[in-house]
Amino acid sequence: MLTGCGQGRARYTPDTLRVNIGNEPPGLDWHTATDSTSFDVVSNIMVGLTQYTPDVKCKPSCAKSWDISPDGRTYTFHLRDDVKWSDGKPVTAYDFEYAWTRLLSPETAASYAFFLYDVENAKEWNAGKLRDAARLGIKAVDAQTFKVTLKKPAAYFIYLTAFCASFPMRRDVVQKYGNRWTEAGNMVTNGPFTLQKWQHEYKIELAANPNFFEGAPGVKLIRMFMVPEQSTAFALYENDELDFIDNRSFATPDVERYRESPEYKNFPLLRESYLAFNVKKKPFDNVLVRRAFAMAIDKNVFPKILRRGERPADSFIPPALAGSAKDSGMPFDPDLAKRVLAQAGYKTGAEVPAIDLLYPNREDVRLIVEATQDQLKRNLGVRVNLVNQEWKVYLATVRKDAPPLFRNSWGADFPDPETFMNLFTSYNGNNDTKWSSPAYDALIETAETERDPVKRADMYRRADRIMCREACAIVPAFLATQNIMVKPWVKGIAMNPLDLQFFKTVTVK
Amino acid sequence: MASQGSFKYVAGRLAKIPQAVLALTLIGLICLVAIASALQLPLSPYAYDQTSTLYLAGPSAQHWMGTDELGRDLCARVIYGAQLSIAIGLTTAGVAFVIGTVYGAIAGYCGGKIDTLMMRGVDLAYSLPDLLVMILIGVLIGRGTFGILLALGLVSWMGTARLTRAQFLQLKNEEFVEAARAQGQDHLSIIWKHLFPNALGPIIVALTFTVPSAILSESTLSFIGLGLSPPACSWGTLASDGWRSLRAHPHLIFFPSLFIFATVLSFNFLGDGLRDALDPRTRLSKLK
Amino acid sequence: MLTLILKRILMALPVLFLVATLSFCLIRVVPGGPFDADKNLPDEIVANLKAKYNLDKPLPEQYVLYMQRLGRGDLGVSYKYVSRTVNDILLDAFPVSLVLGGLALALAVLVGVPLGAVAALGRGRWQDTLAMFLSTFGISVPGFVIGALFIYIFGIQLRILPVGLWESPWHMILPAITLAFSPAAYLARLTRASALEIVQKDWVRTAQAKGLSGSATVLKHIMRNSLVPVITVLGPLTAILITGSFVVEYIYAIPGMGRFFITAVMNRDYDLILGTTLIFAVLLIMANTFVDIAYQILDPRMRISD
């Protein structure tokens, strides 16, 4: 990166891509990683059984084809023989067997172990109750064949094989280097790029892998900087010190200025923000009160404040996924809201005791909850106190004893409505609303194994209506978007709604 | 010596220093605004938390200082912020005063081993950087006025303590103290009636500098994300919120920063003036 | 001399011990553990993680384990940066902060002290007013506002300096100036005050009366004796630089210790928080010790009779 005294400074280096990943990845071991920063790096240096297309369907990657047994419980993957690790050795089914077993091993203490809980005996293995690996539903039949047995059929299972947690791993490398196997120089990967340099808390450099089985990627070098402050990152982009930026480098005011620029693009994400009620706490133990609140919030305000192309949400399932419908949630109707509130026993909003609204400490979230507080005061006359907590504290509070009203957000782990709807079943530990409904549970369980896509979508739609309209356990607020800026000399940036960033198709000329 | 420290004398000298007079006037004005705001007198046609659809507008006839991301009038928020910022500054000074003087008085008056031990305590307090302690406390107690005040107070008392102790150490051997002792007065009344009033001068000067320091520290805390919860807005919160919009909407950071600057500057000038006014050796004719 | 140094070091140890204990208690009392991640973790996994990091043992036992580890110089393991020890992390971050802080300190002294001296010498005249206005400005504006101004003027409007990252010596300029701004102003005011005091002292006037006037001699006397109070504040000055570095490192995306500290607190990364706190405490204690020693050398009248 050249800097001089202004004139004649090169604006970019051909074949080099400079991006900002915002933070240091806590770790690049894809079994212990839990956050999107780590996954952004891993997605570019590794490939798994399948991969995502830009419209998030599954297509073959390491596995050139797969068979599913008639009862939907057994998947047999047939691997390609030309995928190689960066040290030349071929990728085999044994690498997958080792990786999946390690992910589920209690010693690894992997946060994402639950991801493979659909596999037969996975939960017991992870809890340490089972020690016999032969009973775990994971088997490398031979070097080219990988067989997985599930405890019950799951329509979304194939998507899990495109996700980082299920990528293969090299037993010998991990055993040789132990904790340090992910440092540059030790790490062995099979993807379009390799980890060339890792300067902690500062930058990661990825070099192109010329032997990648799909052909060498378009750029030779990727520099991933770690700049947490959005304004700084955006200034770097404007100063030609970064080639591509996304939400992590975008402060809201900057979107305003660049909205008309050809360098700016906006994509919807499979991530939804919503307001949640703790239905066990007053006054939200009364469904009428919940409905009144839901009808008093005009969701069209949120996109106007955030100004990043967010869309107001009417259902908990994003429109891109099956089962989404425009009328699954409550409409905005302040007059009706007041009447319903009166029905619940509060003649005016002022009679409702002041309510605490909990939210985590983030700039854009703050704007949303302040707007919500204002809406509720204006449209319903209720007083809301904003309570703000550090991210970790907020998570702990919400989990242990959620306040009556809190803001939450959920991003898809895989492109299927299951990842959203599963959240509010009575047996999901993430269901902080404490709401449960046997009808809802039944719909979700049946949908999980239903093979007919039309029937399945209908089941999810009905469940959504139960949750957002009849029982009104949550108020969907808006769908998040991804906002990117791309310099004119960069081509081939492919974004997808899961917010995974793949750079193998990028060229910088 | 007692007459030289008297209020009239000091005030008279202070009046000869132009910057100090200006500073005092400005502080007075700001405090008036703060009090009026606290009494909820209608200084602005808008409420500080009143949103509108005129998002991020620049200064205009309708909104003198423009509006913010939620369409709130910035001028109304700055006025409300005056109340909070001044309160934070003065309360911190108060806390520092109480803790610092008591601590320093005991150390200075007792002397000897107690003094050494207590000064070790001050050393301990000094060996943790301010912001570090404030962040830890902010995280421990959570955001909210009490937590911030506690954090600010806990890092501000040491200077006052040291100063009080130095003063007491020096003053306790003066003749008038010996005279009081000879009269049979007990320790407490010696401290209260004789030592304390004479030590007061430099302490007040030190406290005058604590106020701006507290206001600045609070704004840094807000910047890191540990400041007051919305919609409460001190100048520090407003300035750090506006930081991100520097290029696109500079009015959001400009106005709160201007007020911080003016207030802090005034307190600093006032402190300078007080110190010069209190120091009998400073010849005022030389101070321009 | 040697005895003094040793004595100071010995006095510092219990302070360090107390600092470590205090920080340990503070961090453990804070709600929110290190494993509250985005998705809720099933109980088995949380139990596994806690066992791995000794968090399932009773507090007193954790404390003893911690102190033992500290004695060995092992600052522990980071929860967030899973494959790295705190020692590793700080070893990388410390030199960066040292360079930044050192540059800023040098700038602050080189700019602040002469500014204050000039003000004192020309007291009452325009040099005094200008210098004092500049320096009071410097201590009246929050650090992030100063940073914002510099980035805007030099990085974006004039485009002559990089606005972030730590790639080359050019990248050090803006952060160092931003960090040095407040301390320079503070030093200027201090130098002026102490210089004025010296100038008004009898022996300077005697020197002048004896015919030793002429700026050179007076200046030499003033500078030498003004440096004493200035050196005294090197302790608090180091403190200012450390806390200032939090903001500056964040704004300019510099991989130093200040940034690590803030992220560690947000993440409840216990050992990393304690490690950084201890390093800062050590730095401050060292600065104060150095000040004591330098004080003695510079002004024989003030030798402490210990």
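At 1.5 Å a residue, the 21 residues of helix 2 (residues 18–38) of chain B should span 30 Å, and the end C-alpha atoms of this helix are 30 Å apart, which agrees. The expected span is 1.5 Å times one less than the number of residues in the helix. Helices (H or I, at least four residues) and strands (E, at least two) are DSSP runs, numbered from the N terminus.

This is a predicted model, in which local features need pLDDT of at least 70 and side-chain atom pairs count only at pLDDT 80 or more, while totals for chains, interfaces and linings use all residues. Residues are numbered from 1 along each chain as its sequence is written, and chains are lettered from A and ligands numbered from 1 in the order in which they are written.

**Helix 2 of chain B**

The buried residues of helix 2 of chain B are B:Gln19, B:Ala20, B:Ala23, B:Ala34 and B:Ser37. They cover an arc of only 110° around the axis, which puts them on the same side of helix 2 of chain B. The arc is that of the directions from the helix axis to the C-beta atoms. A residue is buried if 20 or more other C-beta atoms lie within 10 Å of its own, exposed if 12 or fewer, and partly exposed in between, with C-beta atoms placed from the backbone.

The buried residues of helix 2 of chain B pack against helix 1 (7–14), helix 3 (74–110) and helix 10 (251–278) of chain B. Contact here requires C-beta atoms, placed from the backbone, to lie within 7 Å. On the face turned away from the buried side, helix 2 of chain B carries the exposed residues B:Pro18, B:Thr25, B:Gly28 and B:Leu32.

**Chain B as a whole**

Chain B has ten helices and zero strands. Its C-alpha atoms fill a box of roughly 75 × 45 × 30 Å, taken along the principal axes. Of the 288 residues in chain B, 50% are buried. Among contacts in chain B with a separation of 6 or more, 68% are between residues 24 or more positions apart.

Helix 6 (residues 145–171) and helix 8 (residues 187–224) of chain B have axes that come within 9 Å and cross at roughly 155°. That makes helix 6 of chain B roughly antiparallel to helix 8 of chain B. Axes are lines fitted to C-alpha atoms, for helices over the stretch in contact, and angles run from 0 to 180 degrees between N-to-C directions; those under 35 degrees count as roughly parallel, over 145 as roughly antiparallel, 65 to 115 as roughly perpendicular and the rest as oblique.

B:Gly121 lies in helix 4 (residues 112–126) of chain B and counts as partly exposed, with 15 C-beta neighbours inside 10 Å. B:Gly121 and B:Met158 are 37 residues apart in sequence, with their C-alpha atoms 9.5 Å apart in space.

**Backbone exceptions**

Most residues other than glycine have a negative phi, and most peptide bonds are trans.

| Site | Backbone value |
|---|---|
| A:Cys472 | positive phi, about 50° |
| B:Gln40 | positive phi, near 65° |
| A:Lys282 to A:Pro283 | cis peptide bond, omega about -10° |

A:Cys472 lies in the loop between helix 15 (453–470) and strand 17 (474–486) of chain A, and counts as buried with 24 C-beta neighbours inside 10 Å. B:Gln40 is in the loop between helix 2 and helix 3 of chain B. B:Gln40 is exposed, with 10 other C-beta atoms within 10 Å. A:Pro283 is found in the loop between strand 12 (264–277) and helix 8 (287–295) of chain A.

Technical notes: Contact = placed C-beta atoms within 7 Å.
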